There are 2 protein chains.
Amino acid sequence: MARRKDHTREELTQLAIQCGRDIVVAEGPSALSARNVTKLMGYTPGTLYNLFENIDGLTAAINTTSLINFAETLRCILRDHAKPKKRLSKIAQAYLEFQLREPHLWTLLFATPIQHDSEDYRTAIHLVFDQVTEVLLPISKNNKVARQNAKILWSTLHGICLLRSSGKLDVSEADPSEELVKRFLNQYFKL
Amino acid sequence: MARRKDHTREELTQLAIQCGRDIVVAEGPSALSARNVTKLMGYTPGTLYNLFENIDGLTAAINTTSLINFAETLRCILRDHAKPKKRLSKIAQAYLEFQLREPHLWTLLFATPIQHDSEDYRTAIHLVFDQVTEVLLPISKNNKVARQNAKILWSTLHGICLLRSSGKLDVSEADPSEELVKRFLNQYFKL
DNA sequence: TATAATATTGAACAATGTTTATTTTTATGT
DNA sequence: ACATAAAAATAAACATTGTTCAATATTATA
């Protein structure tokens, strides 16, 4: 059996990403195996290696779509052109919500150590990051500082969500992540 | 072959931790397999499961010792009772240095998603965390805020190191992590 | 010395990523 | 229309994981 022409190569790639994503959403990153994905696709494991170099390639592709989706969410949120501090607060809230709404996708994207050196991935990262930088520009001294502030904001949100997801240090009980983020924004950005 | 009495059960556990640690240091977290560890110990895989519930138990034990070591490093650093802001800066520096000196141990400890619910681990976490909180107490409004500040500081250091290790966002090139940390401390703690 | 307790092994199982020869289907050229 | 080349998909195999467990070897005990 071969070239069933049900799908073009590109369609097949998208199918793999979609199925992989569904598996991660439903059962978590540990269920993302070549056999699971191709079975859901209606193909056999070998097929995956026609589409991606290895299983990490599929992971990278799933993560890239997560980033693209998140970038789109940000774009909608930042549409209103509210005051910088208000927009900043919305960005932070959106990040926290992403982790809450799709914890498994968040884990695959941010808490799974994988080398993502594809060009697509780097582009998607900047799709998100550049928006954050842009919001920070009006309240930063210059361009470089805005970029650094974006990295610091990103790192902090990241770290707080990691603490929350790992259950370490009683985040979510004693000090909810929302409160930590609020304190950080207030203190750091004088928000 | 059995009960060779070369080691007591406790010695055997320590041996496993030591060998596991050596493997991680030399070859990274991915090389930490039951067979690798027990081979280095001079035993067979089954033995590991007399000592730990599973391989994650060994990981947790290795991470616990990493935390204990880091806590000791902090203790030495904070011995001098310098000014709070100076001590804070030293804590941050120590964290960055830990990642630089032992990147694989750092990755196993902070960038590998594993459930650590042992009591020992929780204790070791607090061995580090309580020192951070203590340093922050004099420059925080009250006890609760000091604890929250500690979590925020921890999250930020964490996130910045993750960015550095993942190679994302050009941390280390355009904006070195040291500079990001410095900016964060200055801005957040008015240091 | 016989027996019980315990430590260790070795082999087995299922699941993983990955490779490759083979087969099946489609495209191409005459 | 047919033969042949190209491509796609498969099935089977391999090595490596974590993990379990009956069998075995050693020590302790009665």
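**Ground rules.** I number residues from 1 along each chain as its sequence is written, with chains lettered from A and ligands numbered from 1 in the order in which they are written. The model is predicted, so local features need pLDDT of at least 70 and side-chain atom pairs count only at pLDDT 80 or more, while totals for chains, interfaces and linings use all residues; side-chain values use heavy atoms, with hydrogens and water left out.

**Entry 1: the core.** I looked up the largest nonpolar core and found 118 residues in it. (A nonpolar core is a set of buried Ala, Val, Leu, Ile, Met, Phe, Trp, Tyr and Cys residues joined through side-chain atoms within 4.5 Å; buried means under 20% relative accessible area, exposed over 50%, partly exposed in between, with a 1.4 Å probe and protein chains only.) Those with the most contacts inside this core are L58(A), L153(A), F184(A), L58(B), L153(B) and F184(B).

I then picked F184(A). Leaving aside neighbours within four places in sequence, F184(A) is in contact (heavy atoms within 4.5 Å) with I152(A), L153(A), T156(A), F189(A), I152(B), F184(B) and Y188(B).

Entry 2: Helices here are DSSP runs (H or I, at least four residues), numbered from the N terminus. α4(A) and α7(A) pack at an angle of about 20°, with axes 9 Å apart. That makes the two helices roughly parallel, since angles under 35 degrees count as roughly parallel, over 145 as roughly antiparallel, 65 to 115 as roughly perpendicular and the rest as oblique. (Axes are lines fitted to C-alpha atoms, for helices over the stretch in contact, and angles run from 0 to 180 degrees between N-to-C directions.) By class, their contact has twelve nonpolar, three polar and two charged residues.

I zoomed in on T64(A), which lies in helix α4 of chain A. T64(A) counts as buried because its relative accessibility is 8%. Beyond residues up to four places away in sequence, T64(A) touches D120(A), Y121(A) and A124(A).

**Entry 3: α1 and α2.** The axes of α1(A) and α2(A) (residues 34-41) come within 9 Å and cross at roughly 115°. L12(A), L15(A), A16(A), C19(A), G20(A) and I23(A) of α1(A) meet N36(A), V37(A), L40(A) and M41(A) of α2(A).

**Entry 4: α6.** In α6(A), residues 103-110, the buried ones are L105(A), W106(A), L108(A), L109(A) and F110(A). Their cover includes α1, α4, α5, α7 and α8 of chain A.

Conventions. Ala, Val, Leu, Ile, Met, Phe, Trp, Tyr, Cys and Pro count as nonpolar, Asp, Glu, Lys and Arg as charged, and the others, Gly among them, as polar.
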